[in-house]
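Subject: Structure handover

Hi,

Here is the structure I promised to pass on to you. Could you take a look, and then read my notes below?

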Amino acid sequence: MFDTSNQPPPLEPYNLFTSDIVLREAVKREQANWADNGLTTLGSTLGKPEVIKLGFDANKFAPQLKTLDRYGHRLDEVEFHPAWHELLAIALRAGLHSSPWAEPKPGAHVARAAGTFMLNQVESGVYCPVAMTYGAVPTLRHAPDIAKQWLPKIFGRDYDKRFIPMKEKITVLLGMGMTENQGGSDLRTNSTRAEVQGDGTYRLHGNKWFMSAPMCDAFLVLAQSAKGLSCFLMPRWTPEEKRNAIHIVRLKDKLGNRSNASSEVEFDGAYAQLVGDEGRGIPTIIEMAGHTRLDCCIGSSGLMRQAVAQATHHARYRVAFQKKLIDQPLMTNVLADMALESEAATALTMRLARAYDESDETAQVFRRVVTPAAKFWICKRAPSLCLEAMEVLGGSGYIEDSIMPRLYREAPVNSIWEGSGNVMCLDVLRAIERTPNAAEVLKREFADAGDGRLKTFAVALQQRMQAADRNDESQARALARDLVLALQAALLIRHAPPAVADAFCASRLSEERGGAFGALPRGVNARAIAERAAPQG
Ligand SMILES: Cc1cc2nc3c(=O)[nH]c(=O)nc-3n(C[C@H](O)[C@H](O)[C@H](O)COP(=O)(O)OP(=O)(O)OC[C@H]3O[C@@H](n4cnc5c(N)ncnc54)[C@H](O)[C@@H]3O)c2cc1C
């Protein structure tokens, strides 16, 4: 039997909060200092070996669809491994599905963002129903009678996995169904029909090509009614306590996100209630989309953090050519470059979460313009970073025993769902055009950051945002990317150590940006940046 040597210890147990300097600083800066104790407890729970194992098990034992019982009666149920339920119980206990609505206070969305940022590092599939439930609350409030019934159960913290009518449940979770086979981005093509009944409720007929987490207790769904596309709440059980006519056709065989079920469904006269004004379905459900897009930023930032934590941890122990990997100059450069990306993503995500805590003009403009831009760029950066981090672990990074393949497979989904890259960038153009004072508010974010490179970059960006051809769709990706880079640079210049801010500006605001990680120019303090990113304690 050979001796095992030169292998790092597993990164466990560890505290995902206290070990993460960047996250801790961001939580403090963005007004959620009061949440430190709760986040420390959650960080410790999530970093326990037995909880980390739940993430592996939930993905290894994928959900199973049960369409019919043995006699042929419809079931339309999905069975999950116990690990899935245990992880959801942890998430709900921490209030990650609803705490900012249940207990609003300054920094509430930031605190919840920090919690979900950590949850996502251990298991991303459960994040889906958690995010959708969180996002559904402002949309549900468009129907006060429905909200009165559902919100108290959404605000509960004792996860209830039973598939029973809402009235009997302790807590409930919500999903949403917008995407149809013939078009997801262009929701106007939705063909599901909603027929009004004598009592003012509706029956839905049609299908959804994607409807994730189908064991949720209800779904916000778009369907065409007499006045056009409208938003509905469609529960899994009818008021008569019968299974609603939501037939799960099949589960998607997905690249990643395998612990979570994503389904194709048919509605065969499914009971539903109108939410918001009839014919105003898109504006009603888009409020939910704003929050779930924030969650895509949190999710991708979390994946990048976990990838960087694993890579820096490995490089601190593994020796090659007589030196620890973290001491090999080219590896230090790779680690530092990834650390910059991760820190910039975390800083902007938490700044964006604060905008969801505030209601002044700056916050409203920031939310409207920066949410789609950040979703585009942060989610786009995650897959390539996860790939690079996997390579730091060498061959072992490609093996399923490490978390790296799971991070890599998970990373693209945040970019695709809830508005794919191009759709987000076109939304940025629309938001800049239609939001009064957008250019002014954004300018304030870059102003006085005190770095000549950012100043030059920001002036050029402002000119592009005001130029006659500013709505040229072919350039929307470049504009969204540069807007995010300017915001990230400004945040790092103001709040991060000079080594981080300097390297970010030198590598991201220059003409030579892009390409593979590990091409930071000479003169940056790569070692300090890599050490800051390595899990502390
Ligand atoms: C794992 C997973 C889970 C999902 N869960 C859900 C769910 O729970 N509920 C739900 O409703 N949906 C869900 N979706 C669906 C997802 O939101 C859609 O797939 C997504 O919005 C894109 O829609 P589409 O697939 O119809 O692609 P299309 O709309 O056909 O878009 C294809 C491509 O064209 C681009 N494009 C579109 N319009 C333009 C344009 N004008 N200019 C330039 N480019 C354009 C898009 O950016 C995209 O890259 C899920 C998807 C995945 C992968």
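Thr189 sits in the loop that runs between strand 3 (174-177) and strand 4 (193-196). Please keep in mind that this is a predicted model. Setting aside its neighbours within four places in sequence, Thr189 makes contact with Glu180, Gln182 and Gly183. Lys48 is 141 residues away from Thr189 along the chain, and 46 Å separate their C-alpha atoms.

Next, the ligand. It is surrounded by 20 residues, and the closest are Met178, Thr179, Gly184, Ser185 and Ser212.

- Met178: a backbone N or O atom is 2.7 Å from an oxygen atom of the ligand.
- Ser212: a polar side-chain atom is 2.8 Å from a nitrogen atom of the ligand.
- Met176: a backbone N or O atom is 3.0 Å from a nitrogen atom of the ligand.

Finally, there is the second largest pocket, which holds about 600 Å³ of space. Its lining has 24 residues, with Pro10, Gln310, Asp401, Ser402 and Ile403 nearest the centre. Helix 3 (49-60), helix 6 (108-122) and helix 9 (281-317) each contribute at least two residues to that lining. By type, the lining residues of this pocket are 12 nonpolar, eight polar and four charged.

Terms used. Residues are numbered from 1 along each chain as its sequence is written. This is a predicted model: local features need pLDDT of at least 70, side-chain atom pairs count only at pLDDT 80 or more; totals for chains, interfaces and linings use all residues. Side-chain values use heavy atoms; hydrogens and water are left out. Helices (H or I, at least four residues) and strands (E, at least two) are DSSP runs, numbered from the N terminus. Contact means heavy atoms within 4.5 Å. On a 1 Å grid over the protein atoms alone, a cavity is a set of points where a 1.4 Å probe fits but cannot get out, and a pocket is an open set with protein on both sides within 12 Å along at least five of seven lines; lining residues have an atom within 4 Å of a point. Grid points are joined across faces, edges and corners, and a volume is the space filled by probe spheres set on the points. Ala, Val, Leu, Ile, Met, Phe, Trp, Tyr, Cys and Pro count as nonpolar, Asp, Glu, Lys and Arg as charged, and the others, Gly among them, as polar. A residue is near a molecule or strand if one of its heavy atoms lies within 4 Å of it. A polar contact is a pair of N or O atoms within 3.5 Å; within protein, one must be able to donate a hydrogen and the other to accept it, and residues adjacent in sequence count only if both atoms are side-chain atoms.
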